[in-house]
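Hi,

Here is the structure I promised to pass on, with some notes to go with it.

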Amino acid sequence: MPTTSEVKHHIYTDRKWIEAGEFNRDKHQLTMEVRETYVGQSFVLLTEDFLLSLQQLCLNFENIVELGAGIGWLGHWLGKYGITLQTSIDNKSWSDFPQNRYLDLVQQMDSLEYVLRHPEVHLYILAWPAEDDLATRIWQSLIPGQHLLYIGEGKNGCTANDTFFDIIKDHEVENESTRIMKQSFLSFDDFHDQPYLYKKG
Ligand SMILES: C[S@@+](CC[C@H](N)C(=O)[O-])C[C@H]1O[C@@H](n2cnc3c(N)ncnc32)[C@H](O)[C@@H]1O
């Protein structure tokens, strides 16, 4: 798994080239090509630093499940870092992911149905949910004490709906682990996703 500095050396991330007043046409071209190929596999840009931060964060939770997991790469790589998920759930409805691309660890099921049947789960991971009411309904279905690690864009972005951001805003967990997680996270250039941990009160 590449480190954040290795990724940043090769491609632009987090709109940093604008801040730095730097523009290299070849690097920009490569950034666009890598991003386009990568999102056919994973919307989350995975790095060594981010996975190490998740490894630390996940040590606080016993039963962890990823919802809307897509191909399943996040769960796969967490496993390599010693964090075994209870399962990875996806209903395999995403037309950009061919059916034969899903990893074996991905169980075909509706996310909401899974949440309603599994009160024993301590942490749900939800990355890049579509701009519909699914993230909102998942949050509303969690029981007190359950956590949601949401990786996505903010209000008016490309993930979840406005209601989601209204109802989670007072539930963010901010501590040393989440600070390191956010600091280690990279977004593809022109994406605005970030990881946030929420606790249902
Ligand atoms: C934008 S993709 C993100 C996939 C993955 N989390 C990632 O970051 O690469 C959204 C995923 O949610 C899945 N999905 C959408 N609605 C779902 C539902 N009701 N239950 C389970 N999965 C769902 C889609 O099949 C798709 O794989």
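Tyr198 counts as buried because its relative accessibility is 5% (buried means under 20% relative accessible area, exposed over 50%, and partly exposed in between, with a 1.4 Å probe and protein chains only). Tyr198 is placed in strand β6, residues 194-199; helices (H or I, at least four residues) and strands (E, at least two) are DSSP runs, numbered from the N terminus. Leaving out residues up to four places away in sequence, Tyr198 touches Trp139, Gln146, His147, Leu148, Tyr150, Ile168, His171, Glu172 and Val173, where contact means heavy atoms within 4.5 Å. Between Tyr198 and Phe61 there are 13 Å in space, C-alpha to C-alpha, and 137 residues in sequence.

A word on what you are looking at: this is a predicted model, in which local features need pLDDT of at least 70 and side-chain atom pairs count only at pLDDT 80 or more, while totals for chains, interfaces and linings use all residues. Residues are numbered from 1 along each chain as its sequence is written, and side-chain values use heavy atoms, with hydrogens and water left out.

Now to the sheet. It is an open sheet of six strands in the order β3-β2-β1-β4-β5-β6, and its pairing is mixed; two strands pair if DSSP finds at least two bridges between them. The edges are taken by β3 (106-108) and β6, each with a single partner strand, so one side of each has no neighbour in the sheet. From one strand to the next, the twist averages 25 degrees. Axes here are lines fitted to C-alpha atoms, for helices over the stretch in contact, and angles run from 0 to 180 degrees between N-to-C directions.

Strand β1 (residues 64-67) is covered on both faces: Ile64 and Glu66 on one side, and Val65 and Leu67 on the other, are all buried. With strand β4 (residues 123-127), β1 pairs in the parallel sense over four bridges, and Val65 has Tyr124 as its bridge partner there. With strand β2 (residues 87-90), the pairing of β1 is parallel over three bridges, and in β2 the bridge partner of Val65 is Thr87. Further along, β2 and β3 also pair in the parallel sense, over three bridges, with Ile89 opposite Gln107 in β3.

Next, the helices. Helix α4 lies across β1, β4, β5 (147-152) and β6, and runs at about 165 degrees to β5. The axes of α4 (residues 48-58) and helix α9 (residues 176-184) come within 8 Å and cross at roughly 165 degrees. That is why α4 is roughly antiparallel to α9 (angles under 35 degrees count as roughly parallel, over 145 as roughly antiparallel, 65 to 115 as roughly perpendicular and the rest as oblique). In this contact, Asp49, Phe50, Ser53, Leu54 and Leu57 of α4 meet Ser177, Thr178, Ile180, Met181 and Ser184 of α9.

Finally, is Thr13 buried or exposed? Thr13 is buried, because its relative accessible area is 2%, and it sits in the loop between α1 (4-10) and α2 (16-20). Not counting residues up to four places away in sequence, Thr13 touches Val7, Lys8, Leu45, Leu186, Ser187, Phe188 and Asp189.

Best wishes
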